Amino acid sequence: TWPSLSLQHKGAMMDNRFATALVIACVLSLISTIYMAASIGTDFWYEYHTLSPAENVSEAGRSIWDEFVSEEADEKTYTDALFRCNGTVGLWRRCITIPKNSHWYSPPVIFSLFFPPETDMTTNCISFSLSDQFMEKYIEPGNHNSGTDLNRTYLWRLQFLLPFVSLGLMCFGALIGLCACACRSLYPAIATGVLHFLAGLCTLGLVGCYVAGIELLHKKLPLPDDVRGEFGWSFCLACVSAPLQFMAAALFIWAARTNRKEFTLLKAYRVA
């Protein structure tokens, strides 16, 4: 009876370890999915900070906005607007900050002496169309005759596709995990771990492509002296999501493999 009780106690300890590992892996997977979805849906991957945005755009706010939203706006046109107007860039949209009344009406100078104009600023955004996401980048931004810059072109396309591949892999891994729960088996958790590992690679590739694309763009279009650029919190969410995916993958694979190995050892012990 003593060997039997010891065997049952060991099996209970193993179940507790595996259950804890799977719960932690599921929590990490959920957090990484939320972070990834939030980073895709927000516009703060890269931010430009202008020292005096109000003075720069108060007189030309209407023309800047018209050029920014124009269907004929090329990469150089909207990048210059981002420089001048405290712009932010996401995977799907680009935004600039301009005075609220710069579009419609500019009061007379005499009126402005007695009633100073409002300095309230508003952020306006425009989405990248699907054709914009796959549009060719040129060696000299804005110059269609300079030839295609293959590096920047494919980096831009990859940074658009990779986050969706990453989310798709994690969702597919979650479905396999649900099937594993229904079957009361840990073996499918190996596939879930592998899918999360591939998702982590895609997220890491996304981060690398975005950083490389921004650096190459700034070599073509250097930042003005009064403009400072930095990666925003949307980018940071993607950076955090990648290690969480790797940790979840490691826990899934460890739990499945260790459970299978120890189950085999227990079975051999029982036979003996």
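Colleague: I am new here. Which residues does UniProt list for "transmembrane region"?

Modeller: Welcome! The unreviewed UniProt entry lists residues 18-38, 160-182, 194-213 and 233-256 under that name. Keep in mind that the structure above is a predicted model.

Colleague: Let me step back to the whole chain. How many helices and strands does the protein chain have?

Modeller: There are nine helices and five strands.

Colleague: How should I read a sheet, and in what order do the strands lie here?

Modeller: The general idea first: strands of a sheet pair through backbone hydrogen bonds, either parallel or antiparallel. In this model, five strands form an open sheet in the order β4-β3-β2-β1-β5, and the pairing is antiparallel. At the edges are β4 (121-127) and β5 (227-231), each of which pairs on one side only.

Colleague: Could you show me one pair up close? Over how many bridges do β2 and β3 pair?

Modeller: Strand β2, residues 88-89, joins strand β3, residues 93-99, over two bridges in the antiparallel sense. To find the spot, look for Val89, which stands opposite Arg94 in β3.

Colleague: Which strands does helix α4 lie across?

Modeller: Helix α4, residues 75-84, lies across β1 (46-50), β2, β3 and β5, and runs at about 50° to β3. Another helix to look at is α8, residues 189-220, which lies across β1, β2 and β5 at about 35° to β1.

Colleague: Staying with α4, which of its residues are buried?

Modeller: A residue counts as buried when its relative accessible area is under 20%. In α4 those residues are Glu75, Tyr78, Thr79, Ala81, Leu82 and Phe83. For the whole protein chain, 40% of the 272 residues count as buried.

Colleague: And the two ends of α4? What does Asp74 reach at the start?

Modeller: A side-chain oxygen of Asp74 comes to within 3.2 Å of the backbone nitrogen of Lys76. Just past the other end of α4, Asn86 has a positive phi of about 50°.

Colleague: One last thing: what share of the accessible surface belongs to carbon and sulfur atoms?

Modeller: That share is 65%, out of an accessible surface of about 15500 Å² for the protein chain.

Technical notes: Residues numbered from 1 in each chain as written. Predicted model: local features only at pLDDT ≥ 70, side-chain atom pairs only at ≥ 80, totals over all residues. Heavy atoms only, no water. Helix = DSSP H or I, 4+ residues; strand = E, 2+ residues; numbered from the N terminus. Buried < 20%, exposed > 50% of the residue type's maximum accessible area, 1.4 Å probe, protein only. Areas by Shrake-Rupley, 256 points an atom, 1.4 Å probe, with all protein chains shown as cover. UniProt positions renumbered as here; feature names shortened; annotations may be inferred. Pairing = 2+ DSSP bridges. Contact = heavy atoms within 4.5 Å. Axes fitted to C-alpha atoms, helices over the stretch in contact; angles between N-to-C directions. Polar contact = N/O pair within 3.5 Å; in protein donor to acceptor, adjacent residues only side chain to side chain.
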